[in-house]
Amino acid sequence: MHIVLVNRWPRFSDGIRWDNELTRYEEFIDHDKHRVSYVVDALGAEGVLVDPARIAHYVQVEDVNDYDALRSAVQEVTEKAGPVDQLIALSEFTLEIAARVRVALGIPGPTPEQVAVYRDKVRMKEVLAEAGVRVPRFAPCADLESCVAFAGSTGYPVILKPVDGAASIGVHRVDDEAALRELVPTLDLTRYEIEEFVTGVIHHVDGFADARCQVPFQVASVYVNDCLAFGSGSPLGSVVLRESELRTRIEDFTRECIAVLGMYDTPFHLELFVTGSGELVFLEVGGRVGGSEVPHLVNKLFGVNLYEAWLRALSGESVDLPPKSGDPSGGWLVLPKPDGLPLRVRRASPMKERFETIWRELVPRPGQVLEPGGSYDALHSGRFILLHEDQQRVTDDIHRIIGTFEFEVEQP
(Lines give C-alpha, C1' and ligand atoms only; values in the text may rest on other atoms or scores of the structure.)
Protein backbone atom coordinates (compact mmCIF):
# COMPACT_ATOMS: atom_id res chain seq x y z
CA MET A 1 0.00 0.00 0.00
CA HIS A 2 1.23 3.51 -0.87
CA ILE A 3 0.14 5.90 1.91
CA VAL A 4 0.43 9.67 1.71
CA LEU A 5 0.34 11.51 5.05
CA VAL A 6 -0.55 15.21 5.07
CA ASN A 7 0.86 16.94 8.14
CA ARG A 8 0.53 20.54 9.31
CA TRP A 9 1.50 20.09 12.97
CA PRO A 10 4.89 20.42 14.67
CA ARG A 11 6.06 18.06 17.38
CA PHE A 12 8.08 19.44 20.25
CA SER A 13 11.19 17.78 21.63
CA ASP A 14 12.07 20.29 24.36
CA GLY A 15 10.57 18.19 27.15
CA ILE A 16 8.25 21.08 28.02
CA ARG A 17 5.58 21.23 25.31
CA TRP A 18 3.56 18.10 24.65
CA ASP A 19 1.51 19.21 21.64
CA ASN A 20 1.16 16.47 19.01
CA GLU A 21 3.45 14.07 20.86
CA LEU A 22 0.83 11.38 20.24
CA THR A 23 0.97 11.67 16.43
CA ARG A 24 3.90 9.33 16.04
CA TYR A 25 3.65 8.46 12.34
CA GLU A 26 6.95 6.58 12.41
CA GLU A 27 5.58 4.22 15.06
CA PHE A 28 1.95 3.76 14.01
CA ILE A 29 2.47 3.33 10.24
CA ASP A 30 4.74 0.47 9.20
CA HIS A 31 7.18 2.23 6.88
CA ASP A 32 8.77 -1.09 5.89
CA LYS A 33 5.53 -2.85 5.00
CA HIS A 34 4.07 0.19 3.19
CA ARG A 35 5.48 2.88 0.97
CA VAL A 36 4.86 6.10 2.90
CA SER A 37 5.11 9.60 1.43
CA TYR A 38 4.56 12.96 3.12
CA VAL A 39 3.13 16.33 2.14
CA VAL A 40 3.85 19.03 4.72
CA ASP A 41 4.05 22.77 5.20
CA ALA A 42 6.74 24.54 7.23
CA LEU A 43 5.26 23.71 10.63
CA GLY A 44 4.30 20.22 9.52
CA ALA A 45 7.90 19.52 8.54
CA GLU A 46 8.74 19.79 12.26
CA GLY A 47 6.33 16.96 13.01
CA VAL A 48 7.74 14.31 10.67
CA LEU A 49 10.44 12.55 12.67
CA VAL A 50 11.09 9.71 10.24
CA ASP A 51 14.40 8.56 8.77
CA PRO A 52 14.35 10.07 5.25
CA ALA A 53 15.55 6.75 3.88
CA ARG A 54 12.19 5.23 4.93
CA ILE A 55 10.13 7.87 3.08
CA ALA A 56 9.01 7.10 -0.47
CA HIS A 57 8.62 10.77 -1.45
CA TYR A 58 8.46 14.06 0.43
CA VAL A 59 6.93 17.37 -0.69
CA GLN A 60 6.81 20.64 1.23
CA VAL A 61 4.26 23.26 0.19
CA GLU A 62 3.39 26.67 1.56
CA ASP A 63 -0.03 25.63 2.86
CA VAL A 64 -1.43 22.08 2.91
CA ASN A 65 -4.90 23.59 3.27
CA ASP A 66 -4.63 25.16 -0.18
CA TYR A 67 -6.51 22.77 -2.47
CA ASP A 68 -4.43 23.48 -5.57
CA ALA A 69 -1.17 23.14 -3.66
CA LEU A 70 -2.20 19.86 -2.05
CA ARG A 71 -3.49 18.40 -5.31
CA SER A 72 -0.28 19.31 -7.12
CA ALA A 73 1.83 17.85 -4.31
CA VAL A 74 -0.08 14.55 -4.31
CA GLN A 75 0.16 14.45 -8.10
CA GLU A 76 3.92 14.83 -7.77
CA VAL A 77 4.01 12.01 -5.24
CA THR A 78 2.08 9.82 -7.68
CA GLU A 79 4.47 10.58 -10.50
CA LYS A 80 7.59 10.00 -8.41
CA ALA A 81 6.54 7.11 -6.15
CA GLY A 82 3.58 5.48 -7.82
CA PRO A 83 -0.22 5.40 -7.43
CA VAL A 84 -1.59 6.40 -4.04
CA ASP A 85 -3.82 3.97 -2.15
CA GLN A 86 -4.51 6.04 0.95
CA LEU A 87 -4.43 9.82 1.52
CA ILE A 88 -4.48 10.61 5.24
CA ALA A 89 -5.03 14.02 6.84
CA LEU A 90 -5.56 14.31 10.59
CA SER A 91 -6.31 18.03 10.88
CA GLU A 92 -9.99 18.98 10.80
CA PHE A 93 -9.20 21.88 8.51
CA THR A 94 -7.68 19.51 5.92
CA LEU A 95 -10.29 16.72 5.90
CA GLU A 96 -12.55 18.24 3.24
CA ILE A 97 -9.65 19.43 1.06
CA ALA A 98 -8.10 15.96 1.17
CA ALA A 99 -11.45 14.46 0.17
CA ARG A 100 -11.60 16.75 -2.88
CA VAL A 101 -8.07 15.73 -3.85
CA ARG A 102 -9.05 12.06 -3.62
CA VAL A 103 -11.87 12.59 -6.07
CA ALA A 104 -9.72 14.68 -8.43
CA LEU A 105 -6.94 12.10 -8.54
CA GLY A 106 -9.00 8.91 -8.25
CA ILE A 107 -7.69 7.92 -4.81
CA PRO A 108 -9.85 5.61 -2.66
CA GLY A 109 -11.22 6.92 0.63
CA PRO A 110 -13.89 9.24 2.03
CA THR A 111 -15.43 11.57 -0.54
CA PRO A 112 -16.54 15.17 0.09
CA GLU A 113 -20.12 13.91 0.50
CA GLN A 114 -19.04 11.40 3.15
CA VAL A 115 -16.86 13.93 4.94
CA ALA A 116 -19.70 16.50 4.95
CA VAL A 117 -21.56 14.63 7.71
CA TYR A 118 -18.77 15.59 10.12
CA ARG A 119 -17.52 18.82 8.50
CA ASP A 120 -20.66 20.62 7.27
CA LYS A 121 -22.73 21.74 10.25
CA VAL A 122 -25.87 22.04 8.13
CA ARG A 123 -25.51 18.60 6.57
CA MET A 124 -24.81 16.79 9.85
CA LYS A 125 -27.93 18.28 11.46
CA GLU A 126 -30.04 17.51 8.38
CA VAL A 127 -29.08 13.83 8.57
CA LEU A 128 -29.68 13.57 12.31
CA ALA A 129 -32.95 15.52 12.24
CA GLU A 130 -34.28 13.23 9.51
CA ALA A 131 -33.59 10.30 11.85
CA GLY A 132 -35.45 11.96 14.73
CA VAL A 133 -32.41 13.06 16.76
CA ARG A 134 -32.99 16.34 18.60
CA VAL A 135 -30.86 19.10 17.07
CA PRO A 136 -31.12 22.90 17.35
CA ARG A 137 -33.42 24.48 14.79
CA PHE A 138 -31.17 25.71 11.99
CA ALA A 139 -31.04 27.08 8.46
CA PRO A 140 -28.39 28.06 5.92
CA CYS A 141 -27.78 31.81 5.80
CA ALA A 142 -29.32 32.53 2.39
CA ASP A 143 -29.59 36.31 2.80
CA LEU A 144 -30.23 38.98 5.41
CA GLU A 145 -34.02 38.81 5.35
CA SER A 146 -34.10 35.01 5.67
CA CYS A 147 -31.83 35.29 8.73
CA VAL A 148 -34.10 37.94 10.25
CA ALA A 149 -37.14 35.77 9.56
CA PHE A 150 -35.47 32.72 11.14
CA ALA A 151 -34.57 34.67 14.28
CA GLY A 152 -38.10 36.03 14.42
CA SER A 153 -39.49 32.50 14.46
CA THR A 154 -37.07 31.10 17.05
CA GLY A 155 -36.53 34.18 19.20
CA TYR A 156 -33.26 35.78 20.24
CA PRO A 157 -30.46 35.14 20.91
CA VAL A 158 -29.41 33.18 17.84
CA ILE A 159 -26.05 31.73 16.84
CA LEU A 160 -24.35 32.32 13.50
CA LYS A 161 -21.41 30.07 12.68
CA PRO A 162 -19.33 28.89 9.71
CA VAL A 163 -20.64 25.59 8.39
CA ASP A 164 -17.09 24.21 8.22
CA GLY A 165 -15.46 25.97 11.14
CA ALA A 166 -13.77 24.69 14.29
CA ALA A 167 -12.67 25.98 17.70
CA SER A 168 -15.56 28.52 17.65
CA ILE A 169 -13.65 30.62 15.09
CA GLY A 170 -16.07 33.03 13.44
CA VAL A 171 -19.00 32.10 15.72
CA HIS A 172 -21.31 34.93 16.77
CA ARG A 173 -24.07 35.15 19.36
CA VAL A 174 -26.61 37.76 18.26
CA ASP A 175 -29.01 39.16 20.84
CA ASP A 176 -31.40 41.33 18.81
CA GLU A 177 -32.51 42.23 15.30
CA ALA A 178 -30.46 45.41 15.12
CA ALA A 179 -27.27 43.49 15.87
CA LEU A 180 -28.23 40.82 13.33
CA ARG A 181 -28.80 43.40 10.60
CA GLU A 182 -25.43 44.94 11.38
CA LEU A 183 -23.54 41.62 11.44
CA VAL A 184 -24.93 39.69 8.47
CA PRO A 185 -23.65 42.03 5.71
CA THR A 186 -20.10 41.55 7.03
CA LEU A 187 -20.18 37.75 6.60
CA ASP A 188 -19.61 35.43 3.65
CA LEU A 189 -23.06 33.88 3.83
CA THR A 190 -22.12 30.98 1.57
CA ARG A 191 -20.18 29.60 4.54
CA TYR A 192 -22.62 30.42 7.36
CA GLU A 193 -25.62 28.91 9.10
CA ILE A 194 -27.98 30.33 11.70
CA GLU A 195 -29.31 28.24 14.55
CA GLU A 196 -31.45 28.33 17.63
CA PHE A 197 -29.76 29.24 20.90
CA VAL A 198 -30.08 26.25 23.23
CA THR A 199 -29.78 26.86 26.96
CA GLY A 200 -27.92 24.05 28.63
CA VAL A 201 -24.59 22.72 29.86
CA ILE A 202 -22.31 21.70 26.99
CA HIS A 203 -20.68 18.27 27.19
CA HIS A 204 -18.27 16.57 24.81
CA VAL A 205 -17.63 12.94 23.96
CA ASP A 206 -14.35 11.69 22.50
CA GLY A 207 -14.09 8.21 21.10
CA PHE A 208 -13.60 5.96 18.10
CA ALA A 209 -16.05 4.67 15.49
CA ASP A 210 -15.08 1.28 14.08
CA ALA A 211 -15.58 -0.15 10.59
CA ARG A 212 -19.23 -0.98 11.41
CA CYS A 213 -20.07 2.55 12.65
CA GLN A 214 -20.15 1.24 16.21
CA VAL A 215 -18.44 2.89 19.18
CA PRO A 216 -16.15 0.50 21.09
CA PHE A 217 -14.59 3.34 23.10
CA GLN A 218 -15.80 6.73 24.28
CA VAL A 219 -15.13 9.19 27.08
CA ALA A 220 -17.79 11.71 28.13
CA SER A 221 -16.84 15.03 29.71
CA VAL A 222 -18.50 18.26 30.81
CA TYR A 223 -17.09 21.64 29.83
CA VAL A 224 -16.06 24.27 32.33
CA ASN A 225 -17.23 27.42 30.49
CA ASP A 226 -17.53 26.97 26.71
CA CYS A 227 -15.55 27.38 23.51
CA LEU A 228 -17.39 30.54 22.44
CA ALA A 229 -16.53 32.25 25.74
CA PHE A 230 -12.90 31.15 25.31
CA GLY A 231 -12.76 33.16 22.11
CA SER A 232 -13.74 36.20 24.15
CA GLY A 233 -11.00 35.67 26.72
CA SER A 234 -12.57 33.34 29.29
CA PRO A 235 -10.84 30.19 30.60
CA LEU A 236 -11.88 26.86 29.09
CA GLY A 237 -11.67 23.42 30.61
CA SER A 238 -13.52 20.16 30.97
CA VAL A 239 -13.90 17.29 33.43
CA VAL A 240 -14.33 13.57 32.64
CA LEU A 241 -17.65 12.18 33.87
CA ARG A 242 -17.63 9.22 36.19
CA GLU A 243 -20.26 6.50 36.00
CA SER A 244 -23.79 7.86 36.35
CA GLU A 245 -27.25 7.69 34.79
CA LEU A 246 -26.45 10.87 32.84
CA ARG A 247 -23.21 9.44 31.45
CA THR A 248 -25.02 6.30 30.30
CA ARG A 249 -27.62 8.42 28.51
CA ILE A 250 -24.90 10.50 26.85
CA GLU A 251 -23.06 7.36 25.71
CA ASP A 252 -26.25 5.89 24.22
CA PHE A 253 -27.03 9.21 22.50
CA THR A 254 -23.52 9.29 21.05
CA ARG A 255 -23.80 5.75 19.67
CA GLU A 256 -27.05 6.71 17.97
CA CYS A 257 -25.56 9.85 16.39
CA ILE A 258 -22.47 8.05 15.09
CA ALA A 259 -24.54 5.23 13.59
CA VAL A 260 -26.99 7.62 11.93
CA LEU A 261 -24.15 9.67 10.44
CA GLY A 262 -22.43 6.53 9.20
CA MET A 263 -19.05 7.48 10.62
CA TYR A 264 -16.50 4.67 10.48
CA ASP A 265 -12.78 4.03 11.09
CA THR A 266 -12.40 7.44 12.65
CA PRO A 267 -12.06 9.13 16.00
CA PHE A 268 -14.76 11.66 16.79
CA HIS A 269 -15.32 14.69 18.98
CA LEU A 270 -19.04 15.17 19.59
CA GLU A 271 -20.59 18.07 21.51
CA LEU A 272 -24.08 18.17 22.97
CA PHE A 273 -26.25 20.18 25.34
CA VAL A 274 -27.79 18.85 28.51
CA THR A 275 -30.73 21.17 29.13
CA GLY A 276 -32.19 22.06 32.50
CA SER A 277 -34.89 19.45 31.99
CA GLY A 278 -32.28 16.81 31.22
CA GLU A 279 -32.92 16.71 27.46
CA LEU A 280 -29.92 15.84 25.27
CA VAL A 281 -29.53 18.07 22.21
CA PHE A 282 -26.89 17.48 19.54
CA LEU A 283 -24.56 20.42 18.92
CA GLU A 284 -21.94 19.24 16.41
CA VAL A 285 -19.44 16.47 15.67
CA GLY A 286 -15.96 16.34 14.17
CA GLY A 287 -14.44 13.27 12.53
CA ARG A 288 -11.09 13.79 14.20
CA VAL A 289 -9.36 13.62 17.57
CA GLY A 290 -10.52 16.22 20.08
CA GLY A 291 -8.36 19.28 20.50
CA SER A 292 -6.53 20.94 23.38
CA GLU A 293 -5.55 18.46 26.11
CA VAL A 294 -8.26 15.89 25.27
CA PRO A 295 -6.07 13.22 23.59
CA HIS A 296 -3.39 13.47 26.27
CA LEU A 297 -5.89 13.09 29.12
CA VAL A 298 -7.69 10.19 27.42
CA ASN A 299 -4.39 8.42 26.79
CA LYS A 300 -3.23 8.93 30.37
CA LEU A 301 -6.50 7.80 31.98
CA PHE A 302 -7.37 4.86 29.72
CA GLY A 303 -4.23 3.94 27.79
CA VAL A 304 -5.89 4.72 24.45
CA ASN A 305 -4.09 6.88 21.91
CA LEU A 306 -6.85 7.89 19.51
CA TYR A 307 -4.27 8.96 16.91
CA GLU A 308 -2.74 5.50 17.01
CA ALA A 309 -6.13 3.82 16.55
CA TRP A 310 -6.92 6.10 13.61
CA LEU A 311 -3.60 5.62 11.81
CA ARG A 312 -3.55 1.87 12.31
CA ALA A 313 -7.14 1.54 11.04
CA LEU A 314 -6.39 3.62 7.94
CA SER A 315 -3.30 1.57 7.16
CA GLY A 316 -5.39 -1.61 7.14
CA GLU A 317 -4.64 -2.98 10.60
CA SER A 318 -7.25 -4.46 12.89
CA VAL A 319 -7.87 -2.10 15.81
CA ASP A 320 -8.99 -3.62 19.11
CA LEU A 321 -9.42 -0.90 21.70
CA PRO A 322 -9.10 -2.09 25.30
CA PRO A 323 -12.14 -1.82 27.56
CA LYS A 324 -11.95 1.07 29.99
CA SER A 325 -10.60 -0.08 33.34
CA GLY A 326 -11.69 1.58 36.54
CA ASP A 327 -13.75 4.75 36.75
CA PRO A 328 -11.27 7.62 36.98
CA SER A 329 -11.84 11.30 36.41
CA GLY A 330 -9.52 14.03 35.27
CA GLY A 331 -9.70 17.32 33.48
CA TRP A 332 -7.89 20.11 31.73
CA LEU A 333 -7.80 23.89 31.76
CA VAL A 334 -6.55 26.52 29.33
CA LEU A 335 -6.15 30.12 30.51
CA PRO A 336 -6.09 32.10 27.25
CA LYS A 337 -3.61 34.69 26.13
CA PRO A 338 -4.50 38.28 27.03
CA ASP A 339 -5.59 40.88 24.51
CA GLY A 340 -3.17 43.31 22.94
CA LEU A 341 -0.59 40.81 21.67
CA PRO A 342 2.31 40.57 21.23
CA LEU A 343 3.13 40.89 24.93
CA ARG A 344 6.13 39.88 27.04
CA VAL A 345 5.51 37.81 30.15
CA ARG A 346 6.67 39.45 33.39
CA ARG A 347 5.29 36.84 35.78
CA ALA A 348 3.26 33.65 35.52
CA SER A 349 2.71 31.52 38.60
CA PRO A 350 3.36 27.76 38.26
CA MET A 351 0.57 25.86 39.99
CA LYS A 352 1.77 22.26 40.06
CA GLU A 353 3.34 22.48 43.52
CA ARG A 354 0.14 23.98 44.90
CA PHE A 355 -2.29 21.42 43.44
CA GLU A 356 -1.50 17.73 43.75
CA THR A 357 -4.13 17.00 41.07
CA ILE A 358 -2.02 18.65 38.34
CA TRP A 359 -0.21 16.11 36.18
CA ARG A 360 1.16 18.50 33.56
CA GLU A 361 1.36 22.26 33.26
CA LEU A 362 2.64 24.67 30.62
CA VAL A 363 3.22 28.14 32.01
CA PRO A 364 5.25 30.69 30.01
CA ARG A 365 8.57 31.76 31.47
CA PRO A 366 9.32 35.40 32.30
CA GLY A 367 10.65 37.07 29.18
CA GLN A 368 8.76 34.86 26.73
CA VAL A 369 6.64 36.75 24.22
CA LEU A 370 3.07 35.65 23.60
CA GLU A 371 2.20 36.04 19.92
CA PRO A 372 -1.18 36.29 18.19
CA GLY A 373 -2.66 33.22 16.55
CA GLY A 374 -2.93 29.57 17.41
CA SER A 375 -5.79 27.61 18.89
CA TYR A 376 -6.13 25.75 22.19
CA ASP A 377 -2.70 24.14 21.81
CA ALA A 378 -0.79 27.42 21.52
CA LEU A 379 1.40 28.88 24.26
CA HIS A 380 -1.25 30.51 26.43
CA SER A 381 -1.20 32.18 29.85
CA GLY A 382 -1.42 28.70 31.33
CA ARG A 383 -2.38 25.13 30.40
CA PHE A 384 -3.02 22.35 32.92
CA ILE A 385 -3.98 18.65 32.89
CA LEU A 386 -5.42 17.27 36.15
CA LEU A 387 -5.89 13.72 37.39
CA HIS A 388 -7.96 12.44 40.32
CA GLU A 389 -10.49 9.72 41.09
CA ASP A 390 -12.94 12.32 42.43
CA GLN A 391 -14.76 14.22 39.66
CA GLN A 392 -15.80 16.99 42.05
CA ARG A 393 -12.23 17.42 43.28
CA VAL A 394 -11.05 17.95 39.70
CA THR A 395 -13.84 20.47 39.09
CA ASP A 396 -13.09 22.35 42.29
CA ASP A 397 -9.37 22.51 41.56
CA ILE A 398 -9.97 23.87 38.07
CA HIS A 399 -11.97 26.71 39.58
CA ARG A 400 -9.31 27.26 42.26
CA ILE A 401 -6.59 27.51 39.62
CA ILE A 402 -8.67 30.06 37.70
CA GLY A 403 -9.17 32.05 40.89
CA THR A 404 -5.57 32.06 42.12
CA PHE A 405 -3.42 32.08 38.96
CA GLU A 406 -1.18 35.16 38.84
CA PHE A 407 -0.12 36.58 35.51
CA GLU A 408 1.54 39.84 34.45
CA VAL A 409 2.63 41.03 31.01
CA GLU A 410 4.26 44.09 29.48
CA GLN A 411 4.89 45.55 26.05
CA PRO A 412 7.79 43.78 24.30
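Pro157 sits in the loop between helix 7 and strand 6, with helices (H or I, at least four residues) and strands (E, at least two) taken as DSSP runs and numbered from the N terminus. Tyr156 and Pro157 are joined by a cis peptide bond, with omega at about 0°. This is a predicted model, where local features need pLDDT of at least 70, side-chain atom pairs count only at pLDDT 80 or more, and totals for chains, interfaces and linings use all residues. Residues are numbered from 1 along each chain as its sequence is written, and side-chain values use heavy atoms, leaving out hydrogens and water.

Four strands make up an open sheet in the order 5-8-6-7, with antiparallel pairing; two strands pair if DSSP finds at least two bridges between them. Strand 5 (138–140) and strand 7 (172–174) are the edge strands, each pairing on one side only. On average, neighbouring strands here are turned by 25° against each other, direction ignored (axes are lines fitted to C-alpha atoms, for helices over the stretch in contact, and angles run from 0 to 180 degrees between N-to-C directions). Strand 6 (residues 158–162) pairs with strand 8 (residues 192–196) in the antiparallel sense over five bridges, and Val158 stands opposite Glu196 in strand 8. Helix 7 (residues 144–154) lies across strand 5, strand 6 and strand 8, running at about 15° to strand 8; contact means heavy atoms within 4.5 Å.

Another cis peptide bond joins Leu341 and Pro342, with omega at about 5°. Pro342 lies in the loop between strand 14 (329–335) and strand 15 (343–348).
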